[in-house]
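Trainee: I would like to learn how to read a structure one feature at a time. Could you take me through this one?

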Amino acid sequence: MYLFISKEVFPLSNRVKAIRESLKLSQREFGEKLGVSRDVISNIEYNRVSPKELLLRHICELYNVNQHWLETGEGEMFNGDLKEVSKYDEAFQIFKSLRPDFQDYALDQIKKLVELQSKNVD
């Protein structure tokens, strides 16, 4: 499916908001993961400021957003399945809620799972 919405009807500020709402994140949560404040996200969504190119790239990488869609409004919003993005988001939230020593333990366990998986594939 190819979706085209003109830039005038659906400006960049609205596309950023649409991403955040699709992910069911507050402005604070969305900004926190990007390393910016809620105010920055609010200012972008209300078209008071234009986001920097680096922030747009980070949105695309972190949330698996189609960069062409973000820039133009053409195509699909996400590269792939939104459920997959939600899994990463859930894992990140759980990991972030752990104490630092538990984060280290969890990271070690994930690395061991990757090793085990690669041995089973070979």
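Trainee: Is Lys24 buried or exposed?

Mentor: First, some ground rules. This is a predicted model, in which local features need pLDDT of at least 70 and side-chain atom pairs count only at pLDDT 80 or more, while totals for chains, interfaces and linings use all residues. Residues are numbered from 1 along each chain as its sequence is written, and side-chain values use heavy atoms, with hydrogens and water left out. As for the terms, buried means under 20% relative accessible area, exposed over 50%, and partly exposed in between, with a 1.4 Å probe and protein chains only. Lys24 has 73% relative accessibility, so Lys24 counts as exposed.

Trainee: Where is Lys24 placed, and what is its phi?

Mentor: Helices are DSSP runs of H or I with at least four residues, strands are runs of E with at least two, and both are numbered from the N terminus. Lys24 sits in the loop between α1 and α2. Its phi is positive, about 55 degrees, although Lys24 is not a glycine.

Trainee: Which residue follows α4?

Mentor: Asn64 follows α4, with a positive phi near 55 degrees. Asn64 belongs to the loop between α4 and α5 (67–72). With a relative accessible area of 26%, Asn64 is partly exposed. As for α3, Asn47 comes after that helix and has a positive phi near 60 degrees.

Trainee: How should I read the sides of a helix?

Mentor: An α-helix has 3.6 residues a turn, so residues three or four places apart point the same way. Now take α4: its buried residues are Leu55, Leu56, Ile59, Cys60 and Tyr63. Seen down the axis of α4, they fall within an arc of 140 degrees, so they line one face of the helix. The arc is that of the directions from the helix axis to the C-beta atoms. Leu54 and Glu61 are exposed residues on the face of α4 turned away from its buried side.

Trainee: Which residues of α3 are buried?

Mentor: In helix α3 (residues 38–45), the buried residues are Ile41, Ser42, Ile44 and Glu45. Viewed along the axis of α3, these lie within an arc of 160 degrees, so they line one face of the helix. Their cover includes α1 (12–22), α2 and α4 (53–63).

Trainee: What does Ile59 touch?

Mentor: Contact means heavy atoms within 4.5 Å. Not counting residues up to four places away in sequence, Ile59 touches Ile19, Phe30, Leu34, Asn64, Val65 and Leu70. Ile59 is in helix α4 and is buried, at a relative accessible area of 2%. Its C-alpha is 26 Å from that of Pro100, 41 residues apart in sequence.

Trainee: Where does Phe30 lie, and what is its relative accessible area?

Mentor: Phe30 lies in helix α2 and is buried, with a relative accessible area of 0%. Leaving out residues up to four places away in sequence, the residues that Phe30 touches include Val16, Leu23, Ile41, Ile59 and Tyr63.

Trainee: Which side chain makes a polar contact with the side chain of Gln27?

Mentor: A polar contact is a pair of N or O atoms within 3.5 Å; within protein, one must be able to donate a hydrogen and the other to accept it, and residues adjacent in sequence count only if both atoms are side-chain atoms. The partner of Gln27 is the side chain of Arg38, at 3.2 Å. Gln27 lies in helix α2 (residues 27–34) and counts as buried at 14% relative accessibility.

Trainee: Which side chain is joined to that of Ser13 by a polar contact?

Mentor: That of Asn14, at 3.2 Å. Ser13 lies in helix α1 and is buried, with a relative accessible area of 4%. Apart from neighbours within four places in sequence, Ser13 is in contact with Ile44, Glu45 and Asn47.
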